[in-house]
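Welcome! Take a moment to look over the model below, and then we will walk through a few of its features together.

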Amino acid sequence: MTATGKKVCFMTGASGVLGSEIALAVAGHGYTIFFTWHSSEERAAATLEKIRWISPESQMVQCNVAKTSDIAGAFAAFRQQFERLDLVITSASNFFSTPLPDVTEREWDSLVDTNLKGTFFTMQEAASIMQKQSFVSRIITMSDISADLVWRNFAPYSVSKAGIQHLTRIFAKEFAPTILVNSVAPGTVTLNNKKKMEPQEEMVKKIALQRLGDPLDIIKTILFLLESDYITGQVINVEGGRLLR
Ligand SMILES: NC(=O)c1ccc[n+]([C@@H]2O[C@H](COP(=O)([O-])OP(=O)(O)OC[C@H]3O[C@@H](n4cnc5c(N)ncnc54)[C@H](OP(=O)(O)O)[C@@H]3O)[C@@H](O)[C@H]2O)c1
């Protein structure tokens, strides 16, 4: 526990659109949050300000998860501040379209290093702390239903998310029963018009529940996992039936 008796969460990517809402909700659920941002300092600072209203000991640190030295540095800073780690959420992610014939090595590295390598080394650092603790802790990875779709123009992104889902199972088995490891795979929740996605009406037509996801749909799933003691190695798709065929 912290000085105020709260559980502690280390989260990557809490400066993200969905990530910041998740961090705020987890703080509201009784956790102190130590989170990373990469390039969006302003959004990170605004998120920290909101979180501190609920959870005053929360902190943030800059970290490029594509660099293992940055991840190690973020965990070193975390260890200096906190004596326990109850929860890790790996939400840092890069996302842009990459038409197959034109994918460059630079694009591949940018997507796969941030999403897959970054998640792996964050989980590795987390597990090295958690496995020495005498209580059950949790890791939640943020993946994407694209892991189960043959999605045109998003090959490196999709395989990075499929890789995260398999890492989730591997870590769950390796670190049971001390660490519960699960993945949340959202469908489309937020839209980014700069990322060459199909029109919203077209997306909605493919979803059985006929609407895009809401951040609250994802948050409810994460809070469910925080209260679950007998679920590990699972991927929970939160996608309104988008994968139904
Ligand atoms: N939103 C959706 O509809 C949706 C759908 C499916 C899956 N997901 C998954 O859900 C999670 C949260 O989504 P989101 O909407 O918050 O994503 P987002 O708005 O794109 O934010 C991405 C986050 O990752 C961070 N990041 C990017 N590159 C990084 C790097 N090299 N090192 C460290 N951090 C880096 C960003 O930091 P800076 O901004 O500070 O650079 C930001 O905090 C992601 O894993 C995403 O793939 C989201």
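Are H4 and H5 roughly parallel or roughly antiparallel to each other? This is a predicted model, where local features need pLDDT of at least 70, side-chain atom pairs count only at pLDDT 80 or more, and totals for chains, interfaces and linings use all residues. Residues are numbered from 1 along each chain as its sequence is written.

**The helix pair**
- Helix H4 covers residues 105-130 and helix H5 covers residues 155-175; they pack at an angle of about 15°, with axes 9 Å apart.
- H4 and H5 are therefore roughly parallel to each other (angles under 35 degrees count as roughly parallel).
- Helices here are DSSP runs of H or I with at least four residues, and strands are runs of E with at least two, numbered from the N terminus.
- Axes are lines fitted to C-alpha atoms, for helices over the stretch in contact, and angles run from 0 to 180 degrees between N-to-C directions.

- Ser160 sits in helix H5.
- Ser160 counts as buried because it has 27 C-beta neighbours inside 10 Å (buried takes 20 or more other C-beta atoms within 10 Å, with C-beta atoms placed from the backbone).
- Beyond its neighbours within four places in sequence, Ser160 is in contact with Leu111, Val112, Asn115 and Leu116 (contact puts C-beta atoms, placed from the backbone, within 7 Å).
- Between the C-alpha atoms of Ser160 and Thr119 there are 9.7 Å, though the two are 41 residues apart along the chain.

**Around the ligand**
- H1 gives the largest share of the shell around the ligand, three residues.
- Helix H1 (17-28) and strand S2 (31-37) each supply at least two residues of that shell.

Notes
Parallel < 35°, antiparallel > 145°, perpendicular 65-115°, else oblique. Buried ≥ 20, exposed ≤ 12 C-beta atoms within 10 Å, placed from the backbone. Contact = placed C-beta atoms within 7 Å.
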